[in-house]
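Have a look at the structure first, then read on.

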Amino acid sequence: MNREVIVIDDNMDSKDPFVRVLQKTYPEYAIKLFNDANSGVQYIFDNLTKRIIVFLDCRFDAGIQGIEALNIIRQKTSLVYIVMMSANNLLQQSEAHLSEMINHHGIYYITNTDTDKAIALIKEINELMDCKLDCALEEWMEIQKNQNSNNENYLNIGSQSFSIDELLKEIRTKSEVGRKFEKDLIQLTIYLLLKKTVSI
Amino acid sequence: MIKHIIIAYNNAVKENDRRFFEDCGDEAKRIANQLKYTIISGEELRADIVSERVASLDVDYVFFAASHGDSRSLYNSEFSEYVSTTTNEYLFNGHIIYTVACLCGVELGSTLVRNGAKCFWGYRDKYIFSIGEPSYIETSMEALNQIVLGNSMEVSFQLALDKYDHCIAQSYEDNYFLTSQLLSNKNNLVYYESQME
């Protein structure tokens with residue numbers, strides 16, 4: 001699985017200590033740097049199959065702001081982990097911005113000079129992604145998509161037909177259907193665990 | 001003793017899921033084997049035709065239906081109800097209704113039994129299927145097979161659950177995801193039996 005750290009910040013370049021320390025600490029990750037939020041968001045959308053951790057600055061001198069980018073990403077996927085960064089500490093953020101961040105799943109916050117915290121968060125998020133069912137399901141769906149010639153009409157729930165792409169969308173957006181799939185997978189795991197013998 | 005099966009399924013040209021419903025209908029015909037059966041399908045799947053075919057029978061029968069449904073009705077591709085809690089709930093007095101449809105186990109089933117049906121089979125949530133995966137047909141039709149063989153409703157229910165277990169054991173290594181949906185169907189299968197006997 002490809003793993004990438006995306007840094008979206010208009011005040012950083014590839015020589016920035018923050019970027020260099022991340023690259024040195026996690027050589028297995030490709031570190032991509034974007035100076036405007038739109039390009040960063042587009043890159044994320046083009047690479048949803050990769051395991052991505054995003055460091056997203058709150059404030060940009062031009063274009064969309066960090067909170068707007070966060071909302072755009074969350075409309076499409078809840079499975080990308082996002083670390084919001086700012087020169088200010090959390091208490092200096094506006095109430096509206098705080099509310100936006102708190103109300104999204106998988107959001108972290110650091111000041112943009114705190115490389116130690118960034119390093120610790122990458123480790124923590126990576127461990128989370130390793131054991132999270134929704135991430136595993138997303139990966140499995142991607143494999144099915146590549147292996148299955150019958151991508152259209154893969155599953156029917158009542159009168160609703162889903163292709164694998166559509167199932168992936170449900171999982172990424174944590175819709176009612178996507179959450180049902182997660183629940184059903186957990187129930188099957190429990191069922192198999194508790195069954196004393198599985199005979200064919 | 002069951003003598004006849006009315007096999008109703010939605011294979012109307014405009015129905016997207018007609019292949020699955022038709023597969024269910026074909027399996028019902030196979031299960032009927034030595035019994036007589038009547039087909040109601042395609043554009044005929046309407047309340048007036050159902051009433052007419054039911055009225056023409058004076059033997060023990062099972063009314064089998066594979067189509068879309070909701071908590072209170074079975075309906076055709078025109079969204080016209082052919083069995084419902086408010087239009088023909090009295091129709092199946094003394095007989096068994098067996099459905100492969102969404103949600104009919106929520107309210108339709110208990111209403112039909114309250115109005116005289118001997119037994120109702122269905123699902124209390126959306127029925128899930130993957131076209132071309134035979135385990136979905138096998139599991140959804142097993143109880144009908146057992147009823148026709150002469151088993152009681154209770155035994156047929158248990159054997160249907162056993163069939164689900166068997167298919168889950170067979171398929172989970174190949175496709176964990178689709179197997180989880182089989183389990184979901186298993187957990188939503190219900191039957192309501194009249195206490196009048």
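Grid points are joined across faces, edges and corners, and a volume is the space filled by probe spheres set on the points. Keep in mind that this is a predicted model, where local features need pLDDT of at least 70, side-chain atom pairs count only at pLDDT 80 or more, and totals for chains, interfaces and linings use all residues. Residues are numbered from 1 along each chain as its sequence is written, chains are lettered from A in the order in which they are written, and side-chain values use heavy atoms, with hydrogens and water left out.

- The largest pocket holds about 300 Å³ of space. Among its 13 lining residues, A:Lys180, A:Lys183, B:Asp125, B:Lys126 and B:Ser184 are the closest to the centre.
- Two helices each give two or more residues to the lining of the largest pocket: α8 (176–194) of chain A and α6 (176–188) of chain B. (Helices are DSSP runs of H or I with at least four residues, strands are runs of E with at least two, and both are numbered from the N terminus.)
- The lining of the largest pocket splits into 2 nonpolar, 5 polar and 6 charged residues. Here Ala, Val, Leu, Ile, Met, Phe, Trp, Tyr, Cys and Pro count as nonpolar, Asp, Glu, Lys and Arg as charged, and the others, Gly among them, as polar.

**Cavities**

- How many cavities of 30 Å³ or more does a search of the whole structure find? There are 2.
- The largest cavity comes to about 90 Å³. Of its 13 lining residues, A:Lys50, A:Arg51, A:Ile52, A:Leu79 and A:Glu138 are the closest to its centre.
- Domain 1 (3–131) and domain 2 (133–194) of chain A both give residues to that lining, so the largest cavity lies between them. The domain bounds come from an automatic or database domain assignment.
- The second largest cavity has about 40 Å³ of space. Its lining includes A:Gly158 from chain A, along with B:Phe21 and B:His68 from chain B.

**Where the domains of chain A meet**

- 11 residues of domain 1 are in contact (heavy atoms within 4.5 Å) with 10 residues of domain 2.
- The two domains bury about 900 Å² between them, with 57% from carbon and sulfur atoms. Buried area is the accessible area (1.4 Å probe) that two parts lose on being put together, summed over both.
- A:Arg51 forms a salt bridge with A:Glu139, their closest N and O atoms being 2.8 Å apart. The rule asks for a side-chain nitrogen of Lys or Arg within 4 Å of a carboxyl oxygen of Asp or Glu.

**Where the chains meet**

- 27 residues of chain A are in contact with 27 residues of chain B.
- Chains A and B bury about 2,200 Å² between them, 64% of it on carbon and sulfur atoms.

Technical notes. 1 Å grid on protein atoms, 1.4 Å probe; cavity = no way out; pocket = protein on both sides within 12 Å on 5 of 7 lines; lining within 4 Å.
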